[in-house]
Amino acid sequence: MVAIIRTDPREEKHLESWWRPRPDGSAPRWVTTQYHEHWRGKHVTLVVTGSHRGTPHVTFVARASKVPGAGDDLKRRVEVTQPYHLVSPIPWSELEEAVPSLSRRYLSRDGALPAGAGRHVLEALRRLASDVVPHLQALGAGDVPTPADTPTTRLLVDERDATLTGFRMADFDPAELVSWNQPSEDDDVPFIARVQTRNGPSHEDDLITYDAQRFRDWLGPENWLRRSAWTGFRQGNQRLVIYNANRKAAEKTLGVDLIYYHEARDCFVLVQYKRMSKRSVGSDWRYYPNSDSNLAEQLERMRAIDKECDRLRRGVDDYRLSAKPSWFKLCQGDSLMPDAKTLAPGMYLAREHFDQLHDKFQRPGSAKSFSRKTVERYLDNTEFTDLVAGGWIGTTGFGTQGVQEQLELSLSGSREVVFAAVAGPSPSKPERMKRRRDRGVTERRY
């Protein structure tokens, strides 16, 4: 079984000093008290720190079991042993997001989870922190997931994430994406051609087919693309069309651009994916800009499109917190082959913020890489996609010509393009919130 323990400030300080390797090789243990009804047997336990500061993170994974001894009328003594300190502690919001909504409701309490919820938590934990997998095996908690260790599978992981990000940015129900056919060999088939949807393909929907052809014309002549696939979805009066498009084979593709276009708001957002790596076992996941030979050209392109969008902006256009389209998503480089509905963990940085940090890292004595330790502020998956869905970030008044120009630039290089376009009237925030609540009711029923 799986359990959760949230620490208070005193306990957190104690664990940071107590749970360290010991010269004599002895194993540290920690005894705490937990409520009676949620503790029976032994549990793989997620130890959460930072709750009192409003920044909860899964920091340790350990084993916990009840032990004899007095607690009080409501609580019993629990012994926690075999701790493992995650290389990059997982923000609690990311773990919640990675767990199906049916199980998410159990995560607000301390103690043992129901069996199904526990399985979902462990699946999410393996995806979000692959370094913990060997320790989970030592604790008897499951198999090693399949790694994405070839150019094709690594590209598919990023395609899948960009596709799902487009879904979230459009505020469409991710439950539409039921599963996907993972590759048994490097067959170079795009992600969107592998996905299984809840209601089958939408190609027979006349409006979606019409949208698909309109947007398809932006991608260039058919024989210009080596790989291309699309599918579409309807939600109320809105239609979402998603393309995977690339001129080159997977092993020659340098990364993924997500280009999201919202027709009713006449805006678009560009997300460029970058992969973080580890230079040694036990080190943090980092992106080293000075080791990326393509970065200077890509930044120049992103600055140019941001400048053009800024120039064309008018005072009567919709308000934005940020009206420039260019963003980076920095992802772990050992991504595992995940399910069809869970976004990969990562850091979203506006291009201007990325530039500022990049300049700072060039100074003597400064950090030389992007990581969760060197970047204090970034947007996570939920924050970023919610801001786009609400129309708070993205271009305004730039029109379709800018999107087409950006598509041509991306496709003329060595990058995969995931193009997500939303057509139809945009719902208001109350309508979007009602739709989310209705989705939640439906998910709980099943």
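By class, how many nonpolar, polar and charged residues does the lining of the second largest pocket have?

A: This is a predicted model, in which local features need pLDDT of at least 70 and side-chain atom pairs count only at pLDDT 80 or more, while totals for chains, interfaces and linings use all residues. Residues are numbered from 1 along each chain as its sequence is written, and side-chain values use heavy atoms, with hydrogens and water left out.

The lining of the second largest pocket has 12 nonpolar, eight polar and eight charged residues. Here Ala, Val, Leu, Ile, Met, Phe, Trp, Tyr, Cys and Pro count as nonpolar, Asp, Glu, Lys and Arg as charged, and the others, including Gly, as polar. A pocket is an open set of points on a 1 Å grid over the protein atoms alone, where a 1.4 Å probe fits and protein lies on both sides within 12 Å along at least five of seven lines; lining residues have an atom within 4 Å of a point. The volume of this pocket is about 660 Å³, taken as the space filled by probe spheres set on points joined across faces, edges and corners.

Of the 28 lining residues, His57, Pro89, Pro91, Arg372 and Tyr378 lie nearest the centre of the pocket. Strand 5 (75-91) and helix 2 (92-98) each supply at least two residues of the lining; the largest share, seven residues, comes from strand 5. Helices (H or I, at least four residues) and strands (E, at least two) are DSSP runs numbered from the N terminus.

Helix 9, residues 351-361, has Arg351, Phe354, Asp355, Leu357, His358 and Phe361 buried, that is, under 20% relative accessible area with a 1.4 Å probe and protein chains only, where over 50% is exposed and the range between is partly exposed. These buried residues pack against helix 8 (295-312), strand 13 (326-332) and strand 14 (346-350), contact being heavy atoms within 4.5 Å.

Rings of Phe, Tyr and Trp (its six-membered ring) pair if their centres lie within 6.5 Å; planes under 30 degrees apart are stacked, over 60 edge-to-face, and the rest tilted. The ring centres of Trp230 and Tyr243 are 6.3 Å apart and the planes lie at 40°, so this pair is tilted. The pair joins distant parts of the chain, Trp230 in strand 9 and Tyr243 in strand 10, 13 residues apart. Trp230 is partly exposed at 21% relative accessibility, whereas Tyr243 is buried at 2%. Phe328 and Phe354 are stacked, because their ring centres are 4.1 Å apart and their planes at 25°. This pair links strand 13, holding Phe328, with helix 9, holding Phe354, 26 residues apart. Both Phe328 and Phe354 are buried.

Ring pairs also join Phe215, Trp218, Trp230, Tyr243, Tyr261 and Phe419 into a cluster. Tyr261 is also one of the contacts of Ala420, as are Gly166, Leu240, Val241, Ile242, Ile259 and Tyr260, leaving aside neighbours within four places in sequence. Ala420 belongs to strand 15 (residues 416-423) and is buried at 1% relative accessibility.

Ile259 is likewise touched by Gln406, along with Phe268, Leu270, Arg301 and Ile305, not counting residues up to four places away in sequence. Gln406 sits in helix 11 (residues 399-412) and is buried at 0% relative accessibility.
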